[in-house]
Every structure is written in structure tokens, then in C-alpha cells.
Amino acid sequence: MNEFLTLMKSEWLITAIIFLLLFIKIGRGLKNESLLRFIQFLLLVNFIAGFFFNKEGYLFGDMFYTSKLIVFQKSILNLAVYLISLLCADWLKKTQHLPEFFILMLSALLGMFLMISSGNLLIFYLALELATIPLAAMANFDLGKKRSSEGAMKMILSSAFSSGILLFGISMLYGATGTISFTAMPPLLDNSPLQVLSFVFLFTAFAFKLSIVPFHLWTADVYEGSPIAATSFLSVVSKGAVAFVFITALYKVFRPMEEIWYTMLVVLAIATMVIGNLFALRQQNIKRFLAFSSIAQVGFIMVGISNGDTLGITSVVYFVLVYVFSNLAAFGVASVIAESSGKENIDDYKGLYKTNPFLSWIMALALFSLAGIPPTAGFFGKLFLLTAGGVKASYWFITIAALNMIVSLYYYLRVIRAIFMDKNETPVEKINTAPTVKLGLLICGAGIVLIGLLSWVFDYIESLR
Amino acid sequence: MNLLLLLGAPFLTAVAVLLSRNKQQVKWISLFGALVQLGLSFVLLFVYQEQRNAGNTAQMLFEQNQPLFRSLDIHFHFGVDGISVSMILLTSFVLVAGVLVSWNIEKMTKEFYFLLILLALGAYGFFISLNLFILFFFLEVSVIPKYLLIGIWGSGKKEYSANKLALMLMGGSALILVGMLGLYFTAGRSFDILTLSKTTIAGSTQNILFPLLFIGFGVFTALFPLHTWVPDGHSSAPTAGSMFLAGISMKLGGYGCLRVATYLLPEGAKEYANIIIVLSAIAILYGAFATMMQKDLKYINAYSSVSHVGFSLLGIGMLTSTAITGALLQMVSHGLMTALFFAVIGMIYDRTHTRMVNEMGGLMRVLPFITSVFFIVGLCSLGLPGLSGFVAEMTVFIGSWQVDDTFHRVATIAAAMSIVVTAVYILRAIGNTAMGPVKNENYLHFKDASWNERWAAILLVAGIVAIGITPEWLNELLRPAAEEIMNKVGGN
């Protein structure tokens with residue numbers, strides 16, 4: 001019983017918060033502002049609790065597995081959700097349905113937690129659905145906007161399609177091996193054509209969720225239509241969680257198929273980086289821009305995954321941590337500007353530095369980190385991914401990845417140039433950033449600068465293995 | 001001496017600049033910080049020479065090793081040899097002069113000085129790093145300040161130049177990155193330069209990695225045909241920015257070509273030496289002839305930089321210890337000279353508001369101090385004995401002449417011919433601007449150099465003359481390090 005509580009600690013905490021919010025919703029006693037503050041407090045407690053009483057072990061046979069590394073991965077996601085609640089406070093305060101938004105978000109988070117911990121294809125499928133369906137509702141949360149509904153519709157259709165493919169893959173895999181347990185499966189894999197086909201279907205489902213090229217087409221529209229709080233959740237938390245599961249599935253379950261997935265990863269990583277970068281070049285809307293840049297970032301994550309060893313896991317977890325801070329900072333600034341002035345285009349950012357130096361510097365830090373320029377943490381994150389990818393890969397793979405860094409620098413510099421250099425008759429007016437938002441941005445900024453130079457973060461992740 | 005002081009001083013200065021209240025404070029704090037760094041680098045020079053005179057023959061002195069990411073062999077491994085010491089000295093000279101020259105900058109003063117000091121921080125870190133990863137880190141640190149300095153405070157088509165510079169330098173970095181990872185994996189997972197220099201790497205691998213690293217660093221130091229960012233970047237940058245770009249940033253590339261590419265991959269260096277020689281000879285001649293056609297003073301110096309930096313690469317390509325010493329002398333000399341050149345051009349432009357040679361004239365009469373400095377730096381550029389340019393170029397030629405086959409001889413002669421062309425464009429530029437009648441009546445109201453400009457000029461002139469008259473001290477500093485590299489390469 002005790003183990004039942006401690007091993008599933010993260011899940012219980014999230015469930016408790018969801019129930020609390022449900023009761024609050026029934027009570028309708030609190031105003032949005034104080035309610036948001038309460039939720040932020042709960043999420044902070046939830047994040048901190050992630051560092052205590054951590055154990056390793058299985059539950060329900062081998063259906064649920066947790067280890068220190070998995071708990072840390074969950075903590076990263078908890079942190080991201082906490083930061084979103086801080087950064088998007090301006091928008092959250094205005095929504096009519098604040099508790100519902102968090103209930104949906106936390107349900108999705110709960111699904112992701114179960115997905116990360118799943119030791120069985122059925123639990124995995126269940127958790128994946130739990131992590132997906134609330135996302136579509138969240139994407140639809142700008143109730144007055146048609147784009148928001150359009151995005152949600154695209155999201156739900158493509159998710160349903162990928163779920164179908166996933167189920168098909170699972171059933172074929174079950175037919176070929178006779179088991180759905182992750183621990184029992186590896187010895188039974190012998191690369192027979194049926195198994196390879198079912199693996200490809202499973203891979204496709206992951207590719208949908210991670211928006212790996214050519215399954216990326218839903219991303220930009222959904223990102224653009226959704227409110228920024230939902231977009232940042234989609235691009236950071238959802239991507240991070242699926243990346244964690246992806247790496248566990250490949251390394252633990254499909255280890256005997258390493259040759260197959262290695263080739264697939266290399267080819268798709270190149271396609272994802274190149275196409276994500278090329279499409280990002282011409283975007284005007286900052287959310288679409290960040291959508292395509294996040295596709296390119298996923299390509300880099302795949303470079304790290306291709307390592308196939310502990311360095312791969314460490315570098316991916318480290319990169320996701322860095323990515324949480326960098327991308328959320330960028331979305332945070334975009335959210336502040338969009339809420340106060342309604343402007344979402346890169347051209348509207350011209351002359352921002354004159355009026356809002358603080359926001360400009362945070363945005364610059366975030367973009368430099370995404371581009372992988374030192375002294376930001378993104379530099380270390382990207383280099384570790386490339387180092388991990390370089391262990392097995394030939395020079396041209398790393399070269400292509402490195403060249404993609406130049407292309408990405410070009411479009412990140414476009415935003416920097418608009419903010420710092422271009423002149424504008426009507427720049428965004430001076431914005432009084434709310435204290436909580438400022439706190440969130442400062443946390444992100446500190447994270448971007450410090451995680452790289454404080455090497456114990458990396459050492460800690462490494463020690464979790 | 002603790003080398004971390006060299007990183008701590010600029011870091012504290014940068015923080016103090018950020019915290020300061022008004023423009024006056026910013027300027028004085030920056031100047032104070034820059035002077036402290038100059039003092040530190042002199043202390044480093046003396047302590048270093050003392051150690052060497054006391055018979056300390058270790059390759060690197062004042063070594064420090066702090067692990068950063070232990071499992072990936074990324075360490076803060078610092079240490080200096082003669083090359084690093086002279087480059088650090090160069091950096092601090094240019095920094096002090098740059099701070100003084102930018103005294104009257106009005107737009108976003110705080111940010112300007114912050115970025116300038118960040119650039120210097122990157123350069124110091126680069127020159128003392130003995131770990132490839134950290135070296136690369138500091139190399140990249142300097143890219144963004146350059147981009148912002150040009151893009152925000154520059155003139156002309158500044159956005160285009162800033163973009164071109166950032167992307168080309170990032171391209172170079174990408175090649176270095178691949179080469180660096182290649183070294184890391186072939187040499188048993190080590191980023192440490194001293195460890196790498198002791199491991200033997202197969203010739204075929206060296207032939208793949210050497211071009212990656214050499215071209216990568218070559219982009220930073222205007223290796224032909226990847227020099228195209230130089231003219232645009234230098235001419236669009238603000239004065240202090242140009243001084244840094246030409247004076248220090250291009251030296252980062254030269255230092256990397258030598259310390260990383262040539263030293264760690266000697267077989268590759270031998271394989272490609274002839275190509276380097278051809279490219280640098282082309283750069284020397286092409287740069288010189290291109291300069292003849294320029295009418296803008298900044299473009300004149302930018303193209304002549306391509307030509308002058310070509311001598312460093314030529315020296316490296318010759319692979320004799322004398323030629324490499326010459327290449328290093330040329331780096332230091334060109335760093336001081338070109339910084340002074342850009343400083344003087346900036347001073348003239350602040351007054352005339354034009355950089356076109358044919359619109360000026362008779363400046364000697366109205367601006368005696370500035371024009372005299374202009375003469376000195378021009379003469380240094382064309383290699384007048386007694387100034388640093390002569391010492392450096394002569395050493396390169398002597399070193400090159402030691403290789404006695406037709407190919408090397410032809411290359412040396414071709415490079416030496418450029419001196420004539422240099423004399424033509426320098427004398428013409430100086431003649432047109434300084435001599436003759438005063439073309440514009442407004443010029444008669446000009447005031448000669450202010451105190452800050454005077455000190456900046458005096459500092460750099462002192463450096464040039466010190467090397468020109470007593471080259472032994474610098475030579476003694478550089479030669480053992482150059483010989484160490486040549487021992488690794490093999491040959492004379």
C-alpha cells in the first residue's frame with residue numbers, strides 16, 4: 001500500500017489537484033485572480049514535491065514503472081506547467097473558464113506521466129489518449145476565434161488518425177509476438193517483416209506526436225490558432241513528454257531493431273531539421289515561426305536519440321530541460337505582447353527595444369538559446385546532442401546538423417534584428433509586466449544563463465542512470 | 001599568476017557597466033576596467049618571462065584545470081605559452097584604445113560598452129583555453145556582440161553586413177564543430193589540446209579533419225575566398241567595432257588555424273600546405289589590388305587587412321619555425337596597426353563626415369596630430385623599417401625563403417611584390433587626404449584630437465614602435481612556441 005502511494009506519487013499529486021479544482025469549480029467562490037494565485041502555488045508545491053521520496057520499482061505487475069530518471073523527467077514537465085501558469089497569467093486571468101483550462105491541462109499532464117511510466121502497450125495507448133484529447137479542447141479555448149476551433153479540429157482529426165495507426169501497430173505487434181508487456185517483448189523481436197511493419201506503424205504514431213517530418217503538417221495551424229498558453233504547453237510539455245517516451249521505447253523495447261530505427265532516425269532527423277528550418281524562414285506570425293522552429297528542434301533531439309546509449313538519454317533530457325526554459329521564455333514574451341497590444345507578427349516587434357528593454361533582452365536570450373549561441377544553455381544542449389549523435393554517425397550527418405544551425409541562426413536573427421535594429425513609427429507601447437509574469441520570465445532567463453555554466457545539472461541527470 | 005583574473009576582470013567590468021547609472025559612470029568604469037586588464041596583461045608578460053628566465057621549460061605555464069562536464073572531458077583547462085601571452089597583450093591594448101575612441105558615443109552607451117567588454121572577455125577566454133570545447137565556446141561568445149555592434153551602432157548597409165558576418169562566422173563555426181567532434185571521437189574521447197597533441201591520429205583521418213578545422217578558423221581570419229564578410233563588416237561597424245573585428249577577431253582565426261588545425265593535425269597540414277600557400281598568396285595580391293580601387297578609407301583598410309592577414313596564413317603554410325614566428329609577429333603587428341588605422345579613420349570621419357578620399361585634402365594643416373598618426377600607421381602598413389610591419393613581413397619572407405623549391409620561391413616572390421602595391425595605395429590615400437590645399441572651408445574650424453583620442457593613438461603607436469625598434473622581446477616570446485609547434489609537425 002505504501003509503495004502504491006510513493007511510486008505513483010507524481011500521478012496522485014496531479015489527480016489531487018484536478019479534484020481540488022473540480023470542487024472549486026462547483027463552488028464558484030473565488031475570483032480569477034486569487035484562484036490563479038492559488039493554482040500557481042499548488043503547481044509550485046507539486047514541482048517541489050517531485051524531489052522527495054523517490055523510489056524505483058514496478059507496480060501492477062510490470063504495467064507501471066518508475067525510476068529516479070523518470071521522476072526527474074516528470075519534474076521537468078511539472079516545472080514547465082508551473083512556468084506556463086506564471087507566464088500566461090495575463091491571458092489566464094481573462095478567460096471565463098480558468099479552472100477548466102487547468103483541469104484539461106493537468107489531465108493531459110497526468111496522461112503524459114502515465115505514458116512515461118507505462119510498461120505495457122495498453123497502458124501506453126490509454127495514457128496517450130488521455131494526453132491527447134484534452135489538448136484539442138485546450139486548443140479550442142479562445143472561444144470567440146474561428147482559428148482556434150479550426151486548430152482544435154485539425155488537432156483532433158490528426159490525433160485520431162495517428163491513434164488509429166498506433167492501435168493497428170499494437171495489434172499487429174501483439175499478433176507477431178504474443179505479448180504487450182515492454183519487458184517481455186525484446187527477446188521475442190526477431191525483425192520478421194510483420195514485426196518491422198508494426199514497428200513502423202508505432203514509429204509513425206510517435207512521429208505524429210513529435211511532429212516529425214512528414215507528419216508535421218498539423219503543427220503550424222494548431223499552434224497559430226490556439227491561445228498561447230495552450231501553444232506553449234503543446235510545444236514544450238507535450239513534445240518533451242513524447243520525446244522521453246520515444247527514447248525509452250526505442251532503447252528498451254525495440255533495442256533488437258536498433259539497425260532499423262537508427263536509419264529511420266537519421267533520415268527523418270535530417271528531413272525534420274531541413275524542412276522545419278526552411279519553413280521557419282518565411283513565417284511572419286510569431287507563433288507559426290516558433291512552431292516551425294520547434295519542428296527543427298525536434299530534429300536535433302532525434303540526432304541525440306540516434307546515439308542509442310546513456311549519453312543519448314542524458315543529452316536529450318538535458319536538452320528538453322534547456323528547451324523548456326528557452327521556448328517558454330519566447331512564448332512568455334510573445335504572450336505578454338499579444339495580450340497587451342494584440343500584436344503577433346514579427347514586424348510588430350520592430351523597435352521593441354526602445355520601449356520594452358526587459359522583454360527584449362529576455363526574448364534575445366531565449367532566441368540565442370534556441371539557436372545554440374553561447375553563453376546560453378542552448379549552446380551546451382545542442383552540442384551535447386551533436387556529440388551524442390556523433391558517436392555512431394558519419395561526419396556528413398553531423399555536418400548537416402551543424403549547417404542547419406546556421407540556417408536557424410538566420411531566422412532567429414530576423415527577430416533580433418526587428419527588436420534591436422529596425423526603426424518603427426508605432427512600436428509596441430511600454431508594457432507594465434505583472435509581477436508574476438516578470439518572475440516567470442526571470443526564472444526562464446536565469447535558467448537559460450545558468451544551466452549551461454552550472455555543470456551539476458548535467459551531472460545530476462547523468463547520475464540518475 | 002591566476003589566469004582566471006583575465007576572465008574575472010572583464011566580467012566584473014561588464015557587470016559594473018550594467019549596474020551603472022549614467023553615461024559618465026559607464027565610460028569611466030569601462031576605462032578603468034580596460035586599464036586594469038591592460039595592467040594584468042603586462043603583469044602576465046613579466047611573470048611569464050620571469051618564469052621562462054628561471055628555466056621553466058614547461059610547454060604551458062600557469063595551468064589550471066577545473067572540470068565542467070567531467071564525463072565528456074570538458075574542462076576549464078587554462079594555460080599560456082608565448083603566443084597566448086602576446087595575443088592577450090594585443091587584446092588589452094586594443095580594448096583600451098577602443099574604449100577611449102568610443103568616448104563620444106551617444107546611442108545606448110551602456111549596451112555599447114557592455115558588448116565591447118564581452119568581446120574582449122571572449123577573446124581572453126579563447127587565447128587561454130587549452131580545451132577544444134571551451135575554446136569553441138569562447139570563439140562563439142564573440143559572434144553575437146559583433147552582430148549587435150555592427151547592426152545597432154554601424155553605418156551604411158549595416159543590417160546586411162551584420163547578417164553576413166554572423167552567418168559566415170557561424171558557417172565557420174559549424175565546420176570547426178564537425179572537425180572538433182571528429183578529433184574528439186578519433187582520439188579516444190578527449191577535448192584536451194595537450195592530450196590530443198600526444199595522440200597519434202591516422203593520416204587519412206587527418207586529411208579529412210584538417211580542412212574542416214583550417215577552413216573553419218580560416219573564415220574568421222579572411223581566408224580567400226571566404227573573406228567577403230571582411231570589407232562589408234569592417235566598413236559598416238562603428239570605429240571601436242572595426243578595431244576589434246580587424247584587430248582581435250581575425251586573430252582568433254589565425255590562432256585557431258595554428259594552435260588547433262596545424263598543431264593537432266600535422267600530417268594534414270603537410271598535405272594541404274601548398275593549397276594554403278596558393279590561397280594566401282592570392283589573398284595577398286588580390287587584397288592589395290582590390291585596395292587600389294577603393295575610394296572609401298574604411299574599405300581601403302578592410303581590403304588591405306585581407307592582404308596583410310594573408311601574410312600570417314602564408315607563414316603558417318610555409319611550415320618553418322621562422323615563417324610561423326613571422327606569421328605570429330604579423331598577427332600582433334597587424335592587430336595593433338589595423339586598430340590604429342580604424343581609430344584614425346574614425347577620428348577623421350567624426351570631423352569631415354565623409355570617408356571618401358577624393359573629398360578630403362589638406363588635413364595636415366588643420367589636424368596635425370591625427371594626420372601625423374595617420375602617416376605613422378600608413379608607413380607601418382607599407383613596411384617601413386623601424387615599425388612593426390617591417391619586422392613581421394621580413395620574418396615571414398625569411399622563413400619562406402628557407403624552403404628552397406621553385407613553388408615556394410614563386411609564392412614568396414609573388415607575396416613580396418604586393419609590398420609595392422601597398423606602397424602605391426597607402427601613399428596615394430595619405431597624399432590625397434593629408435597633403436594639398438584644404439578643399440573645404442569648413443575644415444578650417446576643425447579641432448585636433450581630444451585627450452581620449454590622443455591617448456588611444458599614443459598607446460597603439462607605442463605598441464607599433466616598441467615592436468619595430470626592439471623586436472627581440474616579442475620574437476623571444478613567440479619563437480619557442482612556434483618551434484614547439486614545428487617539432488610536432490616535423491621539419492625545420
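The buried residues of helix α9(A) in this predicted model are A:Gln195, A:Ser198, A:Phe199, A:Phe201, A:Leu202, A:Phe203, A:Ala205, A:Ala207, A:Phe208, A:Lys209 and A:Leu210, where a residue is termed buried if 20 or more other C-beta atoms lie within 10 Å of its own, exposed if 12 or fewer, and partly exposed in between, with C-beta atoms placed from the backbone. Helices here are DSSP runs (H or I, at least four residues), as strands are (E, at least two), and are numbered from the N terminus. The cover over the buried residues of α9(A) includes α8 (146-177), α11 (228-253), α12 (258-281) and α13 (286-305) of chain A, contact being defined by C-beta atoms, placed from the backbone, that lie within 7 Å.

Residues are numbered from 1 along each chain as its sequence is written, while chains are lettered from A and ligands numbered from 1 in the order in which they are written. Since the model is predicted, local features need pLDDT of at least 70 and side-chain atom pairs count only at pLDDT 80 or more, whereas totals for chains, interfaces and linings use all residues.

Two helix pairs of chain A were examined for their packing. Helix α2 (residues 9-27) and helix α6 (residues 98-117) of chain A pack at about 160° with their axes 9 Å apart, the axes being lines fitted to C-alpha atoms, for helices over the stretch in contact, and the angles running from 0 to 180 degrees between N-to-C directions. This angle makes α2(A) roughly antiparallel to α6(A), on a scale in which angles under 35 degrees count as roughly parallel, over 145 as roughly antiparallel, 65 to 115 as roughly perpendicular and the rest as oblique. Residues that make the contact include A:Ile14, A:Ile18 and A:Leu21 of α2(A), together with A:Phe102, A:Leu106 and A:Phe113 of α6(A). In the second pair, the axes of α7 (residues 121-139) and α8 of chain A come within 8 Å and cross at roughly 170°, and the two helices are therefore roughly antiparallel to each other. Among the residues in this contact are A:Tyr125, A:Thr132 and A:Ala136 of α7(A) and A:Gly151, A:Met155 and A:Leu166 of α8(A).

In chain B, the 19 residues of helix α19 (residues 451-469) should span 27 Å at 1.5 Å a residue, in agreement with the 26 Å between its end C-alpha atoms. The buried residues of α19(B) are B:Glu453, B:Ala456, B:Ala457, B:Leu460, B:Gly463, B:Ile464, B:Ile467 and B:Gly468. They cover an arc of only 135° around the axis, which puts them on the same side of α19(B), the arc being that of the directions from the helix axis to the C-beta atoms. On the other side of α19(B), B:Trp451 and B:Ala462 are exposed. The elements covering the buried residues of α19(B) include α3 (82-101), α14 (321-352), α16 (368-381), α17 (388-401) and α20 (472-489) of chain B. Helix α20(B) also packs with α11 (residues 239-264) of chain B, their axes coming within 9 Å and crossing at roughly 25°, which makes α11(B) roughly parallel to α20(B). This contact is made by B:Leu258, B:Thr262 and B:Tyr263 of α11(B) and by B:Ile485, B:Lys488 and B:Val489 of α20(B).

A cis peptide bond, with omega about 5°, joins A:Pro374 and A:Pro375, and A:Pro375 is found in the loop between α16 (357-371) and α17 of chain A. The peptide bond from B:Phe224 to B:Pro225 is cis, with omega near 0°, and B:Pro225 is placed in the loop between α9 (203-220) and α10 (229-236) of chain B. The loop between α9 and α10 of chain B also holds B:Ala222, which has a positive phi of about 60° although it is not a glycine and which is buried, with 31 other C-beta atoms within 10 Å.

Between the chains, 25 residues of chain A are in contact with 26 residues of chain B. The elements giving two or more residues to the side of chain A that touches chain B are α17 (377-390), α18 (395-420) and α20 (456-463) of chain A, and the largest share of that side, 12 residues, comes from α18(A).

Technical notes. The expected span of a helix is 1.5 Å times one less than its number of residues. Two residues are in contact if their C-beta atoms, placed from the backbone, lie within 7 Å.
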